[in-house]
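Me: I am new to this structure and would like to understand the terms used for it. Please go through them with me.

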Amino acid sequence: MVRRTGLLPAVFVGIVVVYLYAPIAVIVLFSVTTSPRLSMPIEGLTLDWYANAFSNPLMSTALQNSLALALVSAIVSGAFGATLSFGIVALKGGRMRAALLSASLLPAIVPLLVIGISLAVFFRALGLPQGLFNSAVGHIIVSLPFVVLTMNARLETFDFSTLEAARDLGATPYQAFRDITFPMIRPSIIGAALLAAALSLDEFVVTWFNIGNQQTVPVLVWGLMRRGVDPSINAIATLLLVLLVGLVVASNLVNRKKSSA
Amino acid sequence: MGVSKLFGDTRALEHIDFRVEDGEFVSLLGASGCGKSTLLRILAGFERPTTGTVQIYQQDVTQWPPEKRPTNLVFQRGALFPHMTVRENIGYSLKLRRWTPSRIDARIEEMLALVRLDGLGDRAPSQLSGGQAQRVALARALASEPRVLLLDEPLSALDLKLRQQMQLELRAIQKRLGATFVFVTHDQTEALVMSDRIAIMNNGRIVQYGTPRDIYRRPNSVFVSDFVGATNLLSGVVGSIDGERIVLQTASGAFAAPKGTEQLRKGERAVLSLRPEAVRLHPGTGRTAEGSSVSGNIAEIIFQGNCVRIGTQILPDATIWAELRDDEADGLTPGDPVTLSWAESAAAVMKEEPQ
């Protein structure tokens with residue numbers, strides 16, 4: 001009985017999982033096969049495509065740019081998001097809190113295309129040429145809502161009376177922040193910053209509109225794709241995948257460790 | 001010492017003016033929302049009074065931030081720093097005061113011994129029970145030797161047995177240190193057990209300020225007599241006032257009581273308050289020698305373990321409760337005619353309050 005009733009849902013779940021992960025699995029698989037085309041059967045395994053990808057001088061520049069943007073996003077988004085979130089949670093309730101929360105989450109709902117174009121137009125009006133700086137601003141806008149959301153989830157349980165206790169025991173507002181607030185929310189900030197880095201690494205739309213003639217990994221891959229599917233793209237995609245999964249897992253681990261303590 | 005304050009906050013507190021003597025244990029007692037916590041937070045420096053001043057040892061500290069005040073607060077839920085050990089928690093205020101490490105260590109040991117937590121110094125707050133956490137909070141607040149310790153319902157989250165034990169311990173610690181404690185609570189028993197003086201608060205005002213005995217025996221208002229302990233209330237009209245004695249005419253007879261501090265005039269509506277344990281119960285309807293008496297029929301008998309509460313109907317709409325020892329109630333059943341009596345001095349007459 002249990003088997004029979006469980007069969008249909010199991011098949012359905014199987015289909016969904018295949019639908020979700022098959023394309024990714026195919027890319028990972030073909031990044032290590034010898035065939036230059038996406039075709040079966042698999043003749044042999046190789047890491048040539050990885051070597052090939054890195055031998056492309058555009059690739060190392062693109063990777064450097066991507067990592068630089070990810071780092072800037074992590075630091076700035078982490079700092080802004082933490083401050084914003086702390087302020088929102090400290091408001092306890094009321095309209096101001098709801099308004100600020102909505103405002104900080106809005107960029108997650110606005111289409112990336114709109115953000116990308118608006119920023120491009122905005123920077124042009126300011127007379128700033130397209131480039132990495134403009135892209136960095138875009139990445140921060142895109143990742144901020146997610147930083148605020150993860151921070152909020154953690155800060156809901158933050159005991160604000162500990163800050164009053166510190167003040168009461170003789171700490172100035174700065175000392176209370178240094179000794180109490182920051183050590184307590186540090187894991188949440190790091191977790192949120194890692195998430196911001198992950199979001200920045202695979203950001204394409206906003207980047208494309210603002211980066212000008214520079215390249216990040218996603219922009220480079222898009223350019224390569226226009227010239228036909230090259231297996232080294234599979235290698236790049238796989239690397240990106242590993243990096244992103246690594247960042248997201250690390251982000252979750254950092255947060256979990258703290259809450260179980 | 002003198003904490004004297006006089007101010008009127010929009011709604012939270014109105015015209016509060018009270019003084020705490022050096023080394024006193026004072027409780028602010030009231031129902032939730034009466035302003036007692038606000039008052040405590042004003043003393044601690046977390047809130048500023050709209051008008052009026054706070055003075056501690058003849059020094060006006062109204063505009064001082066919490067970290068400058070010679071007061072420390074024990075929070076309702078401890079508010080221990082979760083990322084620090086018990087020792088680090090207790091030593092935090094001393095580190096801020098730049099004590100030398102060896103002095104800090106010595107003081108921490110002293111504090112741990114005071115709250116009987118020797119050996120638990122290296123634990124994290126999450127490894128402590130509720131009672132232990134509150135002891136650490138107390139030790140942390142006392143470490144820097146504040147002149148005034150403020151306590152915001154620190155025992156309310158503990159279970160009854162532990163709470164009673166902690167009440168006695170807190171009281172003992174306060175007497176040993178000779179420090180001034182201002183303790184906020186909504187639990188009247190707690191306030192009666194621990195305090196030198198109690199300030200009863202209602203609607204942002206202090207309605208009575210006095211020793212626990214005074215407040216229990218001589219409540220100055222219906223609110224206080226009803227809030228502190230159980231009481232019987234009989235309303236009537238002031239019949240006569242002569243010297244120290246006042247007579248109240250009620251629907252069930254005229255009863256005398258000592259004249260309280262309140263100014264009552266002849267013919268004014270007033271209420272007689274009578275504690276259940278002061279009421280004696282005699283089977284039958286005969287008159288008794290003792291002061292005041294009234295007859296009726298037993299309506300209800302409630303067994304409470306250490307005592308029995310008996311409600312006697314003296315009028316269709318009036319019941320007087322008496323509290324007896326269990327064995328004294330043997331043989332009584334509902335419906336029995338009884339006579340209730342009490343000493344004149346056990347009753348109190350006060351103004352009727354508009355409800």
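Reply: What follows takes up a core, a pair of helices and an interface in turn. This is a predicted model in which local features need pLDDT of at least 70 and side-chain atom pairs count only at pLDDT 80 or more, while totals for chains, interfaces and linings use all residues. Residues are numbered from 1 along each chain as its sequence is written, chains are lettered from A in the order in which they are written, and side-chain values use heavy atoms, with hydrogens and water left out.

Me: What makes the largest set of 50 residues a nonpolar core?

Reply: A nonpolar core is a set of buried Ala, Val, Leu, Ile, Met, Phe, Trp, Tyr and Cys residues joined through side-chain atoms within 4.5 Å, where buried means under 20% relative accessible area (1.4 Å probe, protein chains only). The 50 residues are therefore called a nonpolar core, and F158(A), I180(A) and F81(B) are among those with the most contacts inside it. Helix α8 of chain A, residues 173-201, gives the most to this core, with seven residues; a helix here is a DSSP run (H or I) of at least four residues.

Me: Why is the crossing of α7(A) and α8(A) called right-handed?

Reply: A crossing is right-handed if the near helix is turned clockwise from the far one by less than a right angle, so the crossing of α7(A) and α8(A), being right-handed, is of that kind.

Me: How many residues of chain A are in contact with chain B?

Reply: With contact meaning heavy atoms within 4.5 Å, 20 residues of chain A are in contact with 22 residues of chain B.

Definitions and conventions: Helices (H or I, at least four residues) and strands (E, at least two) are DSSP runs, numbered from the N terminus.
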